[in-house]
Amino acid sequence: MPTRSDADGRLRRSFYDRPTLDVARDLLGKALVHRRGSTVCSGTIVEVEAYIGETDPACHAAPGPTTRNAPLYGPPGYSYVYLSYGIHCLVNAVTEAEGFPAAVLIRALEPLEGIAAMRRRRARATQGRATARPQEDHELCRGPGNLTAALGITLAENRIDLLGNRLFVEDRGILVTRVVRGPRIGISAGIARPWRFAIEGNPAVSKPTSSRRPVALDGPARRE
DNA sequence: CGTTCGATGCACT
DNA sequence: GTGCATCGAACGT
């Protein structure tokens, strides 16, 4: 079978040019890396969600092509970053063939490199607000808005090639065995689709509302 | 345990 | 003008 990463472990275009659910599951355990100048921040991807096509009511492509969602219709292996609730930038990896709008939202990382920079950025992001600063390392990138703040990913990182040297994903040989799967978080439509994946038991995984608990992939079927 | 709510910017109707 | 793929504190039961 073809390798989907290069000699350095960088994921190739062919990794992203696949069914989105496969890409989502396979992104678990990979390392997301952001370089800004000499500052490098990275973390192991521990939680993702898939957004697939115009028929997925929670996907930004649901209304058809617009200015904002244009990256979803572009080639796979590009970033899609947008502003959520006027406060947080959320980062996706575009998947599937060009023309089919789909992506994987990166929801949580376990910090690897650049932890001091992550703490600085998170502290800056909470300035002027009565919000507690993260104490433990695994809190730095827990949640899609938190991880972009920690890594310094902004709208300036929208629609950039994930095969470049600025924002990319690496295979560092981590084998993920236990995966939990459940409904996506924070959406009002499309809740029935279990398109959220996370590494079981990882402390950096964001906490869903109790009514939306994930279930183990191997576990018993969950009642609707 | 659970739900509510403010902060905040912008794409979209 | 409306509604978010959020976060975390505050408050209700």
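**Asp161**

I looked up the side chain of Asp161 in this predicted model and found a polar contact with the side chain of Arg13, at 3.0 Å. By polar contact I understand a pair of N or O atoms within 3.5 Å; within protein, one must be able to donate a hydrogen and the other to accept it, and residues adjacent in sequence count only if both atoms are side-chain atoms. A polar atom of the Asp161 side chain also lies 2.9 Å from the backbone nitrogen of Leu163.

I then placed Asp161 in the chain: it belongs to the loop between α5 and β6 (167–170). Helices (H or I, at least four residues) and strands (E, at least two) are taken as DSSP runs and numbered from the N terminus. Is Asp161 buried, partly exposed or exposed? Asp161 counts as partly exposed because its relative accessibility is 26%; buried means under 20% relative accessible area, exposed over 50%, and partly exposed in between (1.4 Å probe, protein chains only).

Setting aside neighbours within four places in sequence, I listed Arg13, Gly77, Tyr78 and Leu167 as the residues in contact with Asp161, where contact means heavy atoms within 4.5 Å. I also noted a separation of 17 Å between the C-alpha atoms of Asp161 and Asp171, which are 10 residues apart along the chain.

**Conventions**

I number residues from 1 along each chain as its sequence is written, with chains lettered from A and ligands numbered from 1 in the order in which they are written. For this predicted model, local features need pLDDT of at least 70 and side-chain atom pairs count only at pLDDT 80 or more, while totals for chains, interfaces and linings use all residues; side-chain values use heavy atoms, with hydrogens and water left out.

**His60**

I turned to His60, which lies in the loop between β2 and α3 (70–73). His60 is partly exposed, with a relative accessible area of 21%. The side chains of His60 and Tyr80 are joined by a polar contact of 2.7 Å. Beyond four places in sequence, His60 is in contact with Arg68, Asn69, Leu72, Tyr80 and Tyr82. From His60 to Ala70, 10 residues apart in sequence, I read a C-alpha to C-alpha distance of 9.6 Å.

**Helices α4 and α5**

How are α4 and α5 packed? Helix α4 (residues 115–125) and helix α5 (residues 144–151) pack at an angle of about 115 degrees, and their axes are 7 Å apart. The axes are lines fitted to C-alpha atoms, for helices over the stretch in contact, and angles run from 0 to 180 degrees between N-to-C directions. On the α4 side the contact is made by Ala117, Met118, Arg121, Arg122 and Ala125, and on the α5 side by Asn146, Ala149, Ala150 and Leu151. I divided the residues of this contact into 6 nonpolar, 1 polar and 2 charged, with Ala, Val, Leu, Ile, Met, Phe, Trp, Tyr, Cys and Pro as nonpolar, Asp, Glu, Lys and Arg as charged, and the others, Gly among them, as polar.

In α4 the buried residues are Ala117, Met118, Arg121, Arg122 and Ala123; their cover includes β1, β2, β5 and α5.

In α5, 6 of the 8 residues are buried, so this helix is largely enclosed by the rest of the structure. I list them as Pro144, Gly145, Leu147, Thr148, Ala150 and Leu151. What covers them includes β1 (31–36), β2 (39–52), β4 (88–94), β5 (102–113) and α4. After α5 comes Gly152, with a positive phi near 75 degrees.

Most residues other than glycine have a negative phi. Glu96 sits in the loop between β4 and β5 and is buried at a relative accessible area of 16%. Arg159 also has a positive phi, near 60 degrees. Arg159 is in the loop between α5 and β6 and is partly exposed, at 45% relative accessibility.

**Chain A and confidence**

Chain A has 5 helices and 9 strands. Of its 224 residues, 50% are buried. Among contacts between residues at least 6 apart in sequence, 63% join residues at least 24 apart.

I checked pLDDT, the predictor's confidence in each residue, from 0 to 100. The average for chain A is 90, and 89% of the residues score at least 70. Over residues 210–224 pLDDT stays under 50, and the model has 27 contacts beyond four places in sequence for this stretch. Where pLDDT is low, predicted coordinates should not be read in detail.
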